[in-house]
Amino acid sequence: MSGYSIYTDMLDRAEIAPAPMLPRRFRVAAKRRQTADTVTLGLEPIDGEPLRFRPGQFDMLYAFGVGEAPISFSGARGARVEHTIRAVGAVTRALCAARRGAVLGLRGPFGTGWDLESAEGADLVIAGGGIGLAPLKPVVEAIIARRKRYGRVAVLVGARSPDLLLFRRELERWRGRFDMDVAISVDGATPDWRGNVGLITDLIPRARFDPGSAVAMLCGPEVMMRFVAAALGDRGLNPSSIHVSMERNMRCAIGHCGHCQFGPTFVCKEGPVYPYEIVARLMAIREI
């Protein structure tokens, strides 16, 4: 199985198998540098059994001898799953430093995914900021695999600067399609940048979608998601039609350790994808 067909297969499955608690061994089959501190690893199961996941889910990726960290799936090609990782701590630095042929541990998949089935027939707004574009990339690829099942599609991408944009090849391919709109904005431009300069919210007034029936999926810094949700509300989109992916520190991924507690909910179990109306109040509280 190759290309976008893997996402069609995932969405056709009525249930996702329970996540194993012992890490499986995966070999680094591909490595692609995205930015100075971010890489995408393509991992293949050593036992040959494909890992099935829903776009939006995550797993616990283990660097042997260092530790494990929660990483969202950013793609799949056949039996190969992809993770886009930014080096920000000891574990993620070790993962980013892994060479082709290295063996990593993987537990999962965990958490909720994006509800693409319920969104069929609706216009879609996909908004990703920074590394938040990674969990949304499988969403876009799943939509492309089943393009006729959705209405208009607007993909909005924000980054601090052009050199921090992820998935440049994919963005160019998406922008070359005639059945979806892709808009990119950066906070600060370089001399060779010819695109929009400003916040990702600047792109919303120009996005083409029917606010009365559209569904939005957001991932990025919490402040970004709050302002994007507010801007979508200004366009008339109901908060119940907005979904966000939350990021919290996770240790166990099964709700036992409490590290990912977010108010009354645990992100590893009830999240990371939530209806915005459920978490909007919590996101406005800086201490949580």
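**A walk through the model**

Start with Ala98: its contacts, leaving out residues up to four places away in sequence, are Val28, Lys31, Leu41 and Leu104, where contact means heavy atoms within 4.5 Å. This is a predicted model, in which local features need pLDDT of at least 70 and side-chain atom pairs count only at pLDDT 80 or more, while totals for chains, interfaces and linings use all residues. Residues are numbered from 1 along each chain as its sequence is written, and side-chain values use heavy atoms, with hydrogens and water left out.

Ala98 sits in the loop between α2 (90-97) and β6 (103-110). Helices (H or I, at least four residues) and strands (E, at least two) are DSSP runs, numbered from the N terminus. Is Ala98 buried or exposed? Ala98 is buried, at a relative accessible area of 7%; buried means under 20% relative accessible area, exposed over 50%, and partly exposed in between, with a 1.4 Å probe and protein chains only.

Next, helix α3, residues 133-145. Helix α3 has 13 residues and reaches 18 Å from its first C-alpha to its last, close to the 18 Å expected at 1.5 Å a residue; the expected span is 1.5 Å times one less than the number of residues. Twelve of the 13 residues of α3 are buried, so the helix is largely enclosed by the rest of the structure. Among them are Leu133, Lys137, Glu141 and Ile144.

Now the sheet. Seven strands form an open sheet, in the order β10-β9-β8-β7-β11-β12-β15, with mixed pairing; two strands pair if DSSP finds at least two bridges between them. At the edges are β10 (196-197) and β15 (273-275), each pairing on one side only. Strands β7 (124-129) and β8 (153-159) pair in the parallel sense over six bridges, and Ile126 has Val155 in β8 as its bridge partner.

Helix α7 (276-283) packs on the sheet, touching β12 (242-245) and β15, and its direction makes about 95° with that of β15. Axes here are lines fitted to C-alpha atoms, for helices over the stretch in contact, and angles run from 0 to 180 degrees between N-to-C directions. Helix α4 (168-175) lies across β8 and β9 (181-186), at about 135° to β9.
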